[in-house]
Amino acid sequence: MSPTQIETYLAAARRAMEIAIVEGDRPEVHRHARTNTVTAKLPTKKVAGHLPVNPEFALDVKEYPRRGPFRMKLIARAANPEGAGFPRIRISLGHVPGIVHVPHRVIGEVELTSEKPQAFEFTGWMEDYPQAGDVPFGNTGITGMILFLDYLDADGRELRYPDRRYVRPPAKPGKGRKAAPRPEPPAFGSRLEIRVDLLEFETPFHSQWPPASHHRLIGDRAEGESEGERARAALKRFLGRAFRRSVKSREVKPFQAVFAGMRKAGYSFAEAMREACAAALVSPHFLYRVEARSPGSDKPQPLTDYELASRLSYFLWSSMPDARLLELASQRRLREPETLEAEVNRMLESRRSDEFSKNFANQWFDLDALDRVAVNPEFYPDFNNDLKEAMRLETSGFFNEALRHDLSCLDVLDSDWSMINRDLARHYGFQPLPRSNRFARTPLPAGSRRGGVLGQASFLLGQSGGEFAHPIKRAVWILDRLLDSPPPPPPPDVPELDSESPDLAGLTVKQQLALHREREVCANCHQGIDPWGLPLQHYDAIGLWREAATVRIGKKKAKPAKPAPVDPTATLPDGVEIDGAAALKRYLKTGRQEQFARAVVKRMLTYALGRSLDFGDRETVEKLTHEFIEADFRLRRLILALVTCEAFQSK
């Protein structure tokens, strides 16, 4: 680790300690609330044909601290035609520097599902959002920050009401005439309508003072306790949590020395404790999972109970062990089979295990590929790039649902359900659309083309070229991620397929690949690769179903392009004839179960151990694979078997 990294970690640790350990009186709290908008104060002059900001509701935050926590409350309701999708409100915080641009960041988005008032609450940190300067810019009259709401319909389109003027202040009287009365709002519920009853912003927000972290870290001075004794006791508690194990007296002394040096230099007790704790947060025992080995032996050695607690916690929670795990480790009970099984079940039932589902699914299914593919707007002008996040959430949510309800992992290959929200349902062409944009487990109709991960857009788009479907990328993904038989990388002198080549002009993808295999250097590999991707040719580059694929004639800009019927037939290396995606999924689910089970085991064991597997892990892999199949491919049974195996409990 470089000195620059250490300095960065230390700066972050000091900032954390400033927040956690405080001194002095409770800081002044700035509260801002409105029940009617300040939109009329914002600039209305268009620049380049666009208004700089056009929210339906805004709150001027004139006084605020530059740093610290905030809380935002929203009470709103919506009248909506029965059966229609639920409208949304997007909340943003930023500032207005002029009439051209509004630097802002989205705090969150909510759905309004009732005509009765619904309350929502968000928290955040002021320093994470764009802030205005100390001097007002332009003629906006706004010197601080602005919290504004955008009203969206169920499909994410901005709502603009012709009669929203009723929320503005009454017009000022002109010379010789009375002030115009405020218009009465229309009857609520007469049409699609969103109404905000309260928007409140509070910063800095502290539910108590000193905060709970302050009491946990340094507490109050006990009667008869010296300052040094208080510091030592607090540091020992802190180090035990930071290092995720019990600490010896000699390990506390260096941090006591930091504290004593700060006090001698004239710093307050709180400041000295901050620095001592910050020093602990750049220790290797905090930054790394240290698993000490006894010298003189190259053989695997058992983890200590504390090391086992950490390995278990970072596996299933992606975070440090909680107090219960550490307590069991201190009692040397964690390794007991009944105790370990109970803890694994407790951890999987906790919402903290959502992090495991998200991170493991991201690695297994390579969901980051979505960010590496740019969808060409010339080919797909209506594609919304925000859909990529929905695609990612469908797949990670699919894995999480299978884990949480202990479903068969074979559902990854083919299933009669998926995790769908309104945006994704619209993309797939499902009817009727769900009212909510929240993801929910959704049964798929008989004969659906979306069952399993091979029918999900995260895979189909992530393994495409952004313009055309890419059967080779999809085939390599199947071989690597589902069958644990990744093909070797192509030789460096082999060119990729080029649809603009005169030799390939007017040919279907299947014909192009057949021509490619005529080259001797390509034939050996592609005979084992191409058949796995060709059955998915009914899915285009963004994962939509098609009956015909566009084949360009000549160069890219040449016209016209002609559609040709998709040919999804292929002969797999073992001689099995496959016709289309449904047949491929059935074959994987029934004919390649053992390969799939081994692929899942190796992926999960690699993730759990945090290292690549080697030849010495082969017996563990085979044993876990057999047990996984015997357990009907249940993920929980696999996890329980994995955490009790020697490889997981050894270092």
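In the classification applied to the residues, Ala, Val, Leu, Ile, Met, Phe, Trp, Tyr, Cys and Pro count as nonpolar, Asp, Glu, Lys and Arg as charged, and the others, Gly among them, as polar. The structure is a predicted model, in which local features need pLDDT of at least 70 and side-chain atom pairs count only at pLDDT 80 or more, while totals for chains, interfaces and linings use all residues. Residues are numbered from 1 along each chain as its sequence is written, and side-chain values use heavy atoms, with hydrogens and water left out.

The second largest pocket has a volume of about 660 Å³. A pocket is defined on a 1 Å grid over the protein atoms alone, as an open set of points where a 1.4 Å probe fits, with protein on both sides within 12 Å along at least five of seven lines; lining residues have an atom within 4 Å of a point. Grid points are joined across faces, edges and corners, and the volume is the space filled by probe spheres set on the points. The lining of this pocket comprises 20 residues, and Arg88, Glu109, Asp386, Asp423 and Asn437 lie nearest its centre. Two or more lining residues come from each of strand E4 (88-94), strand E5 (104-111), helix H12 (387-404) and helix H13 (422-428). Helices (H or I, at least four residues) and strands (E, at least two) are DSSP runs, numbered from the N terminus. Helix H12 supplies the largest share of the lining, four residues. By class, 11 of the lining residues are charged, five are nonpolar and four are polar.

In soluble globular proteins, nonpolar side chains tend to be buried together. A nonpolar core is a set of buried Ala, Val, Leu, Ile, Met, Phe, Trp, Tyr and Cys residues joined through side-chain atoms within 4.5 Å. Buried means under 20% relative accessible area, exposed over 50%, and partly exposed in between (1.4 Å probe, protein chains only). The largest nonpolar core holds 79 residues, of which Phe315 and Leu482 touch the most other members. Helix H19 (residues 593-609) gives the largest share of this core, nine residues. Apart from this core lies another, of 29 residues, including Ile91, Ile107, Tyr129 and Phe201. With residues up to four places away in sequence not counted, Leu482 touches Trp364, Val412, Leu413, Leu454, Trp477, Leu588, Gln595, Phe596 and Ala599; contact means heavy atoms within 4.5 Å.

Across the whole structure, 24 aromatic pairs are found. Rings of Phe, Tyr and Trp (its six-membered ring) pair if their centres lie within 6.5 Å; planes under 30 degrees apart count as stacked, over 60 as edge-to-face and the rest as tilted. The pair of Phe360 and Tyr607 is edge-to-face, at 5.5 Å centre to centre and 80° between the planes. This pair links distant parts of the chain, with Phe360 in helix H10 (residues 354-365) and Tyr607 in helix H19, 247 residues apart. Phe360 is buried at a relative accessible area of 1%, and Tyr607 is buried at 15%. Tyr428 and Phe430 form a tilted pair, at 5.6 Å centre to centre and 45° between the planes; both residues are buried. Ring pairs also link Phe315, Phe356, Phe360, Trp364, Phe365, Phe399, Phe459, Trp477, Phe596, Tyr607 and Phe648 into a cluster.

Most residues other than glycine have a negative phi, and most peptide bonds are trans. The peptide bond from Thr203 to Pro204 is cis, with omega near -10°, and Pro204 is placed in the loop between strand E8 (193-203) and helix H2 (212-217). Gln431 and Pro432 are likewise joined by a cis peptide bond, with omega about -5°; Pro432 is in the loop between H13 and strand E10 (440-443). Asp366, not a glycine, has a positive phi of about 55°. Asp366 is found in the loop between H10 and helix H11 (369-372) and counts as buried at 15% relative accessibility. Asp632 also has a positive phi, of about 60°, and lies in the loop between helix H20 (618-630) and helix H21 (635-644). Asp632 is partly exposed, with a relative accessible area of 38%.
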